[in-house]
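Keep the structure open while reading.

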Amino acid sequence: MTYDGFILACIRCNAWKDVLATFKHMKKAELVPPSAAACHGILLSAYRCGGAQEALSCLQDFNPIGVDCCRDLAQLGVKILIPGLRDVEITSSSLRDRVQDMGSDNDVFRKRVMTLVRSFRVAELEEDRGESSGLRPSEAQERRNDAWRLVVRHLLEVLETTGGLQEGGIDASELRIVSA
């Protein structure tokens, strides 16, 4: 069984701590990064075990180890880490509508929020473009991964500007695994 398979089996059994322990082992041993589906489960497990702070830590770990990023992972990160987005389908327009007024008196924060919204829109366009871009499938997939990684990076920059996480994230029982 692969690490991804083991992680996904642990997720099916709600063994959240085993998911996190396996991910930590993979990082320490510098193994191949987990798949996007496994990362979605790792992020969810982190949130269920340690709340938003643990989820943030996992999200920060994903980029340096070369995790493939996808729409579902970026959306879950936004839902977990930005209070007030629990009941909203995360799209560039819903994100813009919900965060537009946040930090209206803080120029740095406002700029980072708008950068997050713009990068989310670019990632949506890359996702929707699919294979019609004239690129080889592997190149198109890499462009999508890069676009969603940028969304995650900009999300982390927004959180950095706020000085950390705020209370009011979502109830972990409301989160579901999305298979890729």
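H1 passes H3 in a left-handed crossing. The model is predicted. Two packed helices are described by the angle between their axes and the distance between the axes.

**H1 with H3**
- Helix H1 covers residues 3-12, and helix H3 covers residues 36-62.
- Their axes come within 9 Å and cross at roughly 45°.
- H1 and H3 are therefore oblique to each other.
- On the H1 side, the contact is made by Asp4, Ile7, Leu8 and Ile11.
- These meet Ala37, Ala38, Gly41, Ile42 and Ser45 in H3.
- By class, this contact of H1 with H3 holds six nonpolar, two polar and one charged residues.

**H2 with H3**
- Helix H2 covers residues 16-28.
- H2 packs with H3 at an angle of about 20°, and their axes are 11 Å apart.
- Angles under 35 degrees count as roughly parallel, so H2 and H3 are roughly parallel to each other.
- H2 passes H3 in a left-handed crossing.
- H2 contributes Trp16, Lys17, Val19, Leu20, Phe23, Lys24 and Lys27.
- In H3 they meet Gly41, Ile42, Leu44, Ser45, Ala46, Arg48, Cys49, Glu54, Cys58, Asp61 and Phe62.
- The residues of the H2 contact with H3 divide into ten nonpolar, two polar and six charged.

Terms used:
Residues are numbered from 1 along each chain as its sequence is written. This is a predicted model: local features need pLDDT of at least 70, side-chain atom pairs count only at pLDDT 80 or more; totals for chains, interfaces and linings use all residues. Side-chain values use heavy atoms; hydrogens and water are left out. Axes are lines fitted to C-alpha atoms, for helices over the stretch in contact, and angles run from 0 to 180 degrees between N-to-C directions. Helices (H or I, at least four residues) and strands (E, at least two) are DSSP runs, numbered from the N terminus. Angles under 35 degrees count as roughly parallel, over 145 as roughly antiparallel, 65 to 115 as roughly perpendicular and the rest as oblique. A crossing is left-handed if the near helix is turned anticlockwise from the far one by less than a right angle, and right-handed if clockwise. Contact means heavy atoms within 4.5 Å. Ala, Val, Leu, Ile, Met, Phe, Trp, Tyr, Cys and Pro count as nonpolar, Asp, Glu, Lys and Arg as charged, and the others, Gly among them, as polar.
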